[in-house]
Protein chains: 2
Amino acid sequence: MTAEPAAPQPRSGKTVRLPRTARRFQLLGAAREVFVAQGYHAAAMDEIAERAGVSKPVLYQHFPGKLELYLALLDEQAHSLVSSVRRALASTTDNHARIARSIAAYFDFVNDPSGAYQLVLESDLRSEPAVRKRVENSFTECVNAIAGVIAADTGIAPGEAELLAVGLVGLAETGARWWLVTGGAVPKERAVASMVELAWRGLAGYPRRNADSAGQEPSPGTADTAVTRHGPVDI
Amino acid sequence: MTAEPAAPQPRSGKTVRLPRTARRFQLLGAAREVFVAQGYHAAAMDEIAERAGVSKPVLYQHFPGKLELYLALLDEQAHSLVSSVRRALASTTDNHARIARSIAAYFDFVNDPSGAYQLVLESDLRSEPAVRKRVENSFTECVNAIAGVIAADTGIAPGEAELLAVGLVGLAETGARWWLVTGGAVPKERAVASMVELAWRGLAGYPRRNADSAGQEPSPGTADTAVTRHGPVDI
DNA sequence: TCTGGATGCCGATCTTGACTTCCACTGGCG
DNA sequence: CGCCAGTGGAAGTCAAGATCGGCATCCAGA
């Protein structure tokens with residue numbers, strides 16, 4: 001999914017000639033590194049070109065400008081996140097597992113070694129309408145996907161389901177980012193399990209349209225058993 | 001809390017002379033408007049000065065530079081948010097009310113007509129370490145405040161409580177911002193109540209150290225009654 | 001193998017926009 | 001009446017996005 005430049009800088013004298021497609025792919029990789037490390041504004045086209053081992057005009061032969069280059073990367077990551085969440089929801093009909101896998105999807109998205117999640121979740125440049133539109137769209141699509149499942153499987157009104165989905169996405173997003181900045185102080189599975197527990201307890205309290213016993217919570221046990229009651233979360 | 005310039009532009013010929021404190025206060029107000037409307041990068045010192053009805057050198061006599069001006073506003077808002085959350089937690093010992101008021105605090109923070117919440121929650125310029133530090137600090141302080149309450153009132157380990165607090169903050173933050181962009185399609189109280197419901201159900205499942213009945217959830221009713229069972233949320 | 005065209009690439013430069021500062025002016029105050 | 005803090009117009013400085021003309025490299029066809 002993420003373009004990896006063959007070598008950071010083939011600085012040995014001259015630049016090798018590359019076919020157009022390959023060069024574009026490499027430029028995207030270099031741009032991703034710089035944008036992630038510096039943010040949009042601090043990133044310089046000079047540095048992107050240098051990182052790719054080419055000169056600036058080459059960059060402008062592949063992309064009309066800095067913004068378009070950024071948007072290409074943003075689209076790439078936004079689609080990646082949305083499709084991950086959709087896959088998580090479609091991978092099972094067990095709603096607890098759906099939540100667990102969706103939250104895990106956020107953690108995995110954030111955990112990508114390239115750090116490209118920042119383009120979607122921590123973008124500067126929300127002042128730019130095109131960027132704002134894409135960020136909000138990806139968020140909304142995730143919300144709608146989750147809200148759809150909630151509304152379909154419970155008697156909750158669509159508007160209410162949407163609100164809950166927003167809360168869940170916020171929980172997953174923030175939890176994932178927090179877990180990342182702590183640098184793995186707690187294992188990922190543990191953090192995911194906590195978020196799932198928090199989320200599921202909330203969802204489980206609502207009545208289910210198909211009245212099976214899963215929606216009915218027994219009185220809570222001890223803290224330890226409560227946290228691990230559903231067992232470890234598998235991807 | 002937010003400085004309101006007496007008039008956007010006292011464009012009547014000459015600028016009135018103001019005592020230093022008042023001038024600074026007015027400059028902060030003008031700067032807040034411009035930074036909120038345009039973001040840090042798109043904002044121009046020219047426009048801030050013009051908005052305040054003074055010339056640029058005056059601006060630089062009160063603030064060393066654009067960054068310091070921005071940081072002053074950022075501090076202002078970050079402290080506002082943190083103290084609101086702290087106040088909400090300290091205003092009662094009823095944990096359900098604590099959650100409700102804390103979440104409401106996020107909604108109120110976001111709902112400020114000045115839109116200054118953007119400085120904390122949607123700042124471009126996270127690439128700047130000073131900014132990142134302040135944003136993360138305010139987040140962490142909110143998390144710690146909530147985690148402290150959780151850990152104190154339950155048997156949950158501090159690390160686990162911190163994770164839950166992160167989830168709650170993310171839920172509140174994202175919910176509030178979502179509610180704002182929808183432009184009041186649903187009433188604020190309704191949105192807050194949904195977030196509270198989602199959050200509380202999760203928290204309520206955990207055992208309470210002081211075993212009073214508030215932590216024990218009865219079996220859920222219908223969707224409508226479930227949402228409003230706790231009654232409307234008062235500030 | 002030779003050749004003409006096309007493609008890829010670069011050094012150097014232009015241009016813009018925004019932060020910052022210099023110097024003269026003005027109006028109140030001792 | 002003279003001082004001076006506050007003020008403004010305008011210029012300085014600089015970083016960074018965008019571009020122009022020319023050189024090098026590769027490939028198809030005779």
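Where in chain A is L125(A) found? In this predicted model, L125(A) sits in the loop between α6 (117–121) and α7 (129–153) of chain A. The phi angle of L125(A) is near 85°, a positive value in a residue other than glycine. L125(A) has a relative accessibility of 6%, and because the cut-off for a buried residue is under 20%, L125(A) counts as buried.

Chain A as a whole contains 10 helices and 0 strands. Of its 235 residues, 51% count as buried. Among the contacts in chain A with a separation of 6 or more, 69% are accounted for by residues 24 or more positions apart.

In chain B, L125(B) lies in the loop between α6 (117–121) and α7. Its phi is near 85°, again a positive value in a residue other than glycine, and L125(B) is buried, with a relative accessible area of 6%. F35(B) and Y70(B) are 35 residues apart in sequence, and their C-alpha atoms are 7.8 Å apart in space.

V131(B) is one of the buried residues of α7(B). Others buried in this helix include V135(B), S138(B), F139(B), C142(B) and V143(B). Helix α7 of chain B covers residues 129–153. At 1.5 Å a residue, its 25 residues should span 36 Å, and the end C-alpha atoms are 36 Å apart, so the two values agree. An α-helix has 3.6 residues a turn, so residues three or four places apart point the same way.

Two packed helices are described by the angle between their axes and the distance between the axes. The axes of helix α5 (residues 95–111) and helix α8 (residues 158–181) of chain B come within 9 Å and cross at roughly 40°. That angle makes α5(B) oblique to α8(B). The crossing in which α5(B) passes α8(B) is right-handed. On the α5(B) side, the residues that meet α8(B) are I99(B), I103(B), Y106(B), F107(B), V110(B) and N111(B). The residues they meet in α8(B) include L168(B), L171(B), A172(B), G175(B), A176(B) and W179(B).

Note on methods. Residues numbered from 1 in each chain as written. Chains lettered and ligands numbered in written order. Predicted model: local features only at pLDDT ≥ 70, side-chain atom pairs only at ≥ 80, totals over all residues. Heavy atoms only, no water. Helix = DSSP H or I, 4+ residues; strand = E, 2+ residues; numbered from the N terminus. Expected span 1.5 Å × (residues − 1). Buried < 20%, exposed > 50% of the residue type's maximum accessible area, 1.4 Å probe, protein only. Contact = heavy atoms within 4.5 Å. Axes fitted to C-alpha atoms, helices over the stretch in contact; angles between N-to-C directions. Parallel < 35°, antiparallel > 145°, perpendicular 65-115°, else oblique. Left-handed = near helix turned anticlockwise from the far one by under 90°.
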